[in-house]
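Please read them with the sequence and the model side by side.

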Amino acid sequence: MARGLRDRVAIVAMGCTPFREHWDRSADDLLVDAVTECLDGAPGVALDDVEAFWVGTQGSGMSGQTLAKPLGLRGKPVTRVENYCATGSEAFRNAAFAVASGAYDVVMATGVEKLKDSSFSGLTATWPPSDGTDVEWTAPGGFSLLAPAYRERYGITEADLRDALTHIAYKNHANGALNPKAQFRKAVSKEAIARSPRIAGSLSVMDCSGVADGAAAALIVRAEDAHRYTDRPVFLKGMGFVAGPGDGLTTDGYDFTTFPEVVQATAEAYAQAGVTSPRDQIDLAEVHDCFTPTELVLMEDLGFAERGRAWADVLDGVFDRDGKVAVNPDGGLKSFGHPVGATGLRMFYECFLQLRGEAGERQVPDARLAVAQNLGGQPGSCVAFTAVIGNEGP
């Protein structure tokens with residue numbers, strides 16, 4: 001286990017663009033917008049006061065010049081990172097370690113993706129050469145296998161599972177309708193969700209997250225300096241990251257009802273943060289709901305529900321905005337959209353707002369501790385990140 005960073009690092013300001021089809025904005029424009037909003041949240045901090053930068057993007061730029069050029073940075077270290085759909089979280093993780101190590105006092109993590117200028121309808125990627133044995137499937141096809149595996153393992157009916165997945169989509173669209181920065185700002189009825197056309201297995205269009213353009217940024221400082229920049233800092237309590245070996249689908253009997261990488265990363269984050277009863281201690285969570293069955297499985301991997309019981313908890317409203325653990329109060333990937341390099345930081349952005357009491361209509365009452373959970377890849381071949389952050393300092 002990595003040495004914990006509990007209460008050694010603080011987020012003092014964040015910025016996030018709306019996530020949507022930005023036909024009139026470039027990746028450069030989106031980064032400038034996110035960074036400008038971030039710095040506006042820390043009066044007295046100028047761009048030149050930031051000592052080092054990280055930028056996460058899957059395919060909207062190469063090298064640190066992806067950020068340095070639009071911001072006009074000179075003489076600054078800028079590192080470009082990529083880790084599938086957990087790219088934004090990777091930018092945050094590296095920036096946090098840089099501050100905690102003492103190398104820098106003030107740093108910024110950013111993430112961006114411009115997907116809508118492509119002729120491709122989903123997420124684009126350039127895959128490295130392989131030995132030819134990789135499974136060729138779409139993301140909806142891969143994640144669709146979670147649903148029948150879960151149903152068969154826990155002996156629930158197709159109707160009950162369908163109702164649970166429908167409720168997840170319904171909940172996240174209802175939350176997104178309250179979010180001015182979400183890609184989809186319209187509540188959708190359960191009837192409309194249930195009758196939407198199927199695209200892979202039992203998954204329908206309404207079980208899938210949106211594809212969007214967007215950018216986000218976080219200003220990160222040493223915890224002991226946090227109150228110099230804001231009277232409401234948010235503190236990192238723990239984080240874990242795991243890059244799986246990618247051999248899940250070559251293993252007989254691979255279990256599609258859990259993400260082992262998420263379980264391991266979460267155990268590390270919880271241990272650092274002192275979380276022993278997640279359902280009781282965590283007030284809200286932003287999770288990687290790329291597809292509705294993904295969110296269902298994550299409720300159990302994150303310890304919010306007992307194995308085989310998440311579907312019932314979903315239907316009981318446990319993860320609604322006013323439930324025991326508010327899950328994806330900003331609408332999640334499902335409603336907010338998913339520009340790969342920015343998504344992980346968007347999760348932090350919502351947690352940041354909620355912990356500062358700035359989430360408006362979707363505010364979770366008395367929020368003190370939050371989880372940001374981000375994964376990339378596909379079942380059997382994932383990378384996973386989990387962080388715990390809170391508004392109570394050392």
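Are α3 and α13 parallel or oblique to each other? The points below start there; note that this is a predicted model.

1. Helix α3 covers residues 87–100 and helix α13 covers residues 340–355. Their axes lie 5 Å apart, and the packing angle is about 60°. The two helices, α3 and α13, are therefore oblique to each other. On the α3 side, the residues in the contact are Thr 87, Gly 88, Ser 89 and Phe 92. They meet Val 340, Gly 341, Gly 344, Leu 345 and Phe 348 of α13. Sorted by class, the residues of this contact of α3 with α13 are four nonpolar, five polar and no charged.

2. Neighbours within four places in sequence aside, Phe 92 is in contact with Ile 11, Ala 109, Ile 220, Leu 236, Met 239, Leu 345, Phe 348 and Phe 385.

3. Is Arg 346 buried or exposed? Arg 346 counts as buried because its relative accessibility is 0%. Setting aside neighbours within four places in sequence, its contacts are Cys 16, Phe 19, Ala 216, Glu 286, Asp 330, Gly 332, Leu 333, Phe 336 and Gly 337. The C-alpha atom of Arg 346 is separated by 20 Å from that of Val 106, and these two residues are 240 residues apart along the chain.

4. How many disulfides does the structure hold? The number is zero. For Cys 16, the closest cysteine sulfur is in Cys 38, at 11 Å, which is too far for a bond. For Cys 85, the closest is in Cys 290, at 7.2 Å, and that is also too far for a bond. Cys 16 has 1% relative accessibility and so counts as buried. Cys 85, at 12%, counts as buried too.

5. From α6, the contact uses Leu 161, Leu 165, Ile 168, Ala 169, Lys 171 and Asn 172. From α10, it uses Thr 292, Pro 293, Glu 295 and Leu 296. The contact of α6 with α10 has six nonpolar, two polar and two charged residues.

6. Helix α10 is mostly covered, with 10 of its 10 residues buried. Among the buried residues of α10 are Glu 295, Met 299, Glu 300 and Asp 301. After α10 comes Gly 303, which has a positive phi, near 80°.

7. The loop between β1 (9–16) and α1 (27–40) holds Thr 17, and His 22 lies in the loop between β1 and α1 as well. Thr 17 counts as buried at 3% relative accessibility, and His 22 counts as buried at 10%. Not counting residues up to four places away in sequence, Thr 17 touches His 22, Leu 30, Asp 33, Ala 34, Lys 181, Gly 214 and Ala 215. On the corresponding list for His 22, which leaves aside neighbours within four places in sequence, are Thr 17, Leu 30, Lys 114 and Asp 213.

8. The phi of Ser 63 is near 70°, a positive value in a residue other than glycine. Ser 63 is partly exposed, with a relative accessible area of 39%.

9. Asn 328 sits in the loop between β10 (326–327) and α12 (332–336). Its phi is near 55°, again positive in a residue other than glycine. Asn 328 has 0% relative accessibility, so it counts as buried.

Definitions and conventions:
Residues are numbered from 1 along each chain as its sequence is written. This is a predicted model: local features need pLDDT of at least 70, side-chain atom pairs count only at pLDDT 80 or more; totals for chains, interfaces and linings use all residues. Side-chain values use heavy atoms; hydrogens and water are left out. Axes are lines fitted to C-alpha atoms, for helices over the stretch in contact, and angles run from 0 to 180 degrees between N-to-C directions. Helices (H or I, at least four residues) and strands (E, at least two) are DSSP runs, numbered from the N terminus. Angles under 35 degrees count as roughly parallel, over 145 as roughly antiparallel, 65 to 115 as roughly perpendicular and the rest as oblique. Contact means heavy atoms within 4.5 Å. Ala, Val, Leu, Ile, Met, Phe, Trp, Tyr, Cys and Pro count as nonpolar, Asp, Glu, Lys and Arg as charged, and the others, Gly among them, as polar. A disulfide is a pair of cysteine sulfur atoms within 2.5 Å. Buried means under 20% relative accessible area, exposed over 50%, partly exposed in between (1.4 Å probe, protein chains only).
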